[in-house]
Amino acid sequence: MLFKFKPLQGIQFYFFCATTGGGGRGMRLAKERDEFVKLLQQALSEAATAFGNDGVYLEKCIQNPRHNEFQVFIYI
């Protein structure tokens, strides 16, 4: 795999999360630029193994959030 990565200015930490599934599978936090590709490959591999889909989201990690959000789904 070849990755061309240029960090976005002002974003220190990147968070990978599997596009399918849940329970923390495929989640990784890259704190250093050097570990970005290694952790992305781990997240892709774990997502593929756990969910049959190697898609991951790349998100900015906010370390000390002031707002917590949760979702509640009710099936009737």
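Visitor: In which element is Phe51 found?

Guide: Phe51 is found in helix α1, and the model you are looking at is a predicted one.

Visitor: Why does Phe51 count as partly exposed?

Guide: The relative accessibility of Phe51 is 28%, and since buried means under 20% and exposed means over 50%, a value of 28% falls in between, so Phe51 counts as partly exposed. As for its surroundings, Phe51 lies 6.6 Å from Thr20, C-alpha to C-alpha, although the two are 31 residues apart in sequence.

Visitor: Which elements does the protein chain have, and how do they run from the N terminus on?

Guide: The protein chain has one helix and three strands, and from the N terminus on these elements run β-β-α-β.

Visitor: How do you know that β1 pairs with β2 and with β3?

Guide: Two strands pair if there are at least two bridges between them. Between β1, which covers residues 14-18, and β3 there are five bridges in the antiparallel sense, while β1 and β2 are joined in the antiparallel sense over three bridges, so by the rule of at least two bridges both count as pairs. Among the residues that face each other, Cys17 stands opposite Tyr57 in β3, Phe15 stands opposite Glu59 in β3, and Phe16 has Arg28 in β2 as its bridge partner.

Visitor: What makes β2 and β3 the edges of the sheet?

Guide: The three strands form an open, antiparallel sheet in the order β2-β1-β3. β2 (28-30) and β3 (56-60) each have a single partner strand, so one side of each is left without a neighbour in the sheet. From one strand to the next, the twist averages 25 degrees.

Visitor: What makes β1 mostly covered?

Guide: Of the five residues of β1, four are buried, and buried here means under 20% relative accessible area. For the protein chain of 76 residues, buried residues make up 22%.

Visitor: Which residues form the largest nonpolar core, and which element gives the most to it?

Guide: The largest nonpolar core has eight residues, namely Tyr14, Phe16, Ala30, Phe36, Leu39, Leu40, Ala43 and Leu44. β1 and α1 (36-51) each supply at least two residues of this core, and α1 gives the most, with five residues.

Visitor: Why is the contact between Arg28 and Glu46 called a salt bridge?

Guide: The side chains of Arg28 and Glu46 meet at 2.6 Å, N to O, and the rule asks for a side-chain nitrogen of Lys or Arg within 4 Å of a carboxyl oxygen of Asp or Glu, so the distance of 2.6 Å meets the rule and the pair is a salt bridge. This pair links distant parts of the chain, with Arg28 in strand β2 and Glu46 in helix α1, 18 residues apart. By this rule the count comes to one salt bridge.

Visitor: Which residues form a nonpolar patch on the surface?

Guide: The patch is formed by Phe70, Val72, Ile74 and Ile76, which together have about 610 Å² of accessible area. One of these residues, Ile76, has its place in the segment after β3.

Note on methods:
Residues numbered from 1 in each chain as written. Predicted model: local features only at pLDDT ≥ 70, side-chain atom pairs only at ≥ 80, totals over all residues. Heavy atoms only, no water. Axes fitted to C-alpha atoms, helices over the stretch in contact; angles between N-to-C directions. Core = buried A, V, L, I, M, F, W, Y, C linked by side-chain atoms within 4.5 Å. Buried < 20%, exposed > 50% of the residue type's maximum accessible area, 1.4 Å probe, protein only. Patch = residues over 30% accessible without salt bridge, like charges linked within 9 Å, V, L, I, M, F, W, Y side chains within 5 Å. Areas by Shrake-Rupley, 256 points an atom, 1.4 Å probe, with all protein chains shown as cover.
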